[in-house]
Amino acid sequence: MPPTIRLSEATIHFARLAADGQPAFHYHVYHVRPQASLTANLREAMQQCPLPATPRERVEVLLTEPVTVVPLAEFQEEDCEALYECCYTPGHKRRVFYDTVPAANVVLLFALSEATCRTLEDCFGSVRYTSASTALLQHFARKGLGMSPSTRLFVYTHEGVIDVAVFSESRLITFNTYTVRTLTDVAYYTFNLARHLGLPLATMPIYVAGTDELRTPVVGELQKYAARVFAINQAAEFNRHPVATTPHIPYDLITKLL
């Protein structure tokens, strides 16, 4: 597999999974210095976190930027930029990208500033941009299929936010991201969304994903108000694969790699 670099405001994750069926997994985390430019951070990160790579190999960059969901049946590639700009305040010049989520029949629109794109391409050469939400939603769309009830709610906690997705069978009903500071915030946004959608909290399963230290408190908080709250144990879910058993690795990166 090509090297994968996950960008967030606080960290840069470097990952590479062997493509020949071997379990070799290379993984490094670089903590961003806020006082330094992105270029300086990237160059320093590359020195501290070397990954095996072949010359001129394309790097996959995983972005944690906000997304807009578009039904696949209504998607027109030429409308991507205009639709994205309708949803987010226009500002600095940016590139708009899209990913498809086949299991849910939706397309995700996301963007990155032109300056950041140029910096990444100066550092890594050939770059493919992907949303961190793409593999996540693809995975959630298939999880719990065939169970009763068919409606499932997923909470992914990471980096000061929660991503909340609701599926009916494999159909994505909604996908929202909320900034949270306390466990009370997590419960408020999750159950407020459930109330607006009229979801049956007495019977509907709620799955919580994230690193252990973030996931466990969220499960405990949501269990105060809902009957069926389950922690997603990534190690068990992916058969204790070396990627899934790596400490503190983001769950969206696991779903991307595996």
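In which sense do β10 and strand β11 pair, and over how many bridges? I looked this up and found that β10 and β11 (residues 171-179) pair in the antiparallel sense over 8 bridges. Two strands count as paired if DSSP finds at least two bridges between them. Helices (H or I, at least four residues) and strands (E, at least two) are DSSP runs, numbered from the N terminus.

A note on ground rules: this is a predicted model, where local features need pLDDT of at least 70 and side-chain atom pairs count only at pLDDT 80 or more, while totals for chains, interfaces and linings use all residues. Residues are numbered from 1 along each chain as its sequence is written, and side-chain values use heavy atoms, with hydrogens and water left out.

**Entry: β10 and its partners**

I followed Val 164 across to β11 and found Asn 176 as its bridge partner. The hairpin of β10 and β11 has 2 residues between the strands, and Glu 169 there takes a positive phi near 55°.

Next I checked strand β9 (residues 151-158), which pairs with β10 in the antiparallel sense over 8 bridges. His 158 has Val 161 as its bridge partner in β10. In the hairpin of β9 and β10, with 2 residues between the strands, I noted Glu 159 at a positive phi near 50°.

**Entry: burial of β10**

I use buried for under 20% relative accessible area, exposed for over 50%, and partly exposed in between (1.4 Å probe, protein chains only). In β10 (residues 161-168), 8 of the 8 residues are buried, so the strand is largely enclosed by the rest of the structure. Both faces are covered: one side has Val 161, Asp 163, Ala 165 and Phe 167, and the other has Ile 162, Val 164, Val 166 and Ser 168.

**Entry: salt bridges**

My rule here is a side-chain nitrogen of Lys or Arg within 4 Å of a carboxyl oxygen of Asp or Glu. By this rule I get 12 salt bridges.

I looked at Arg 95 and Glu 121, which meet at 2.7 Å, N to O. Arg 95 lies in strand β6 (residues 94-101) and Glu 121 in helix α3 (residues 114-124), so the pair ties together parts that are 26 residues apart in sequence. Arg 95 is partly exposed at 24%, and Glu 121 is partly exposed at 24%.

Within α3, Glu 114 and Arg 118 are 4 residues apart, about one turn of the helix, and their side chains meet at 3.2 Å, N to O. Glu 114 is buried at 12%, whereas Arg 118 is exposed at 51%. I then saw that Arg 95, Glu 114, Arg 118 and Glu 121 are linked in a network of salt bridges.
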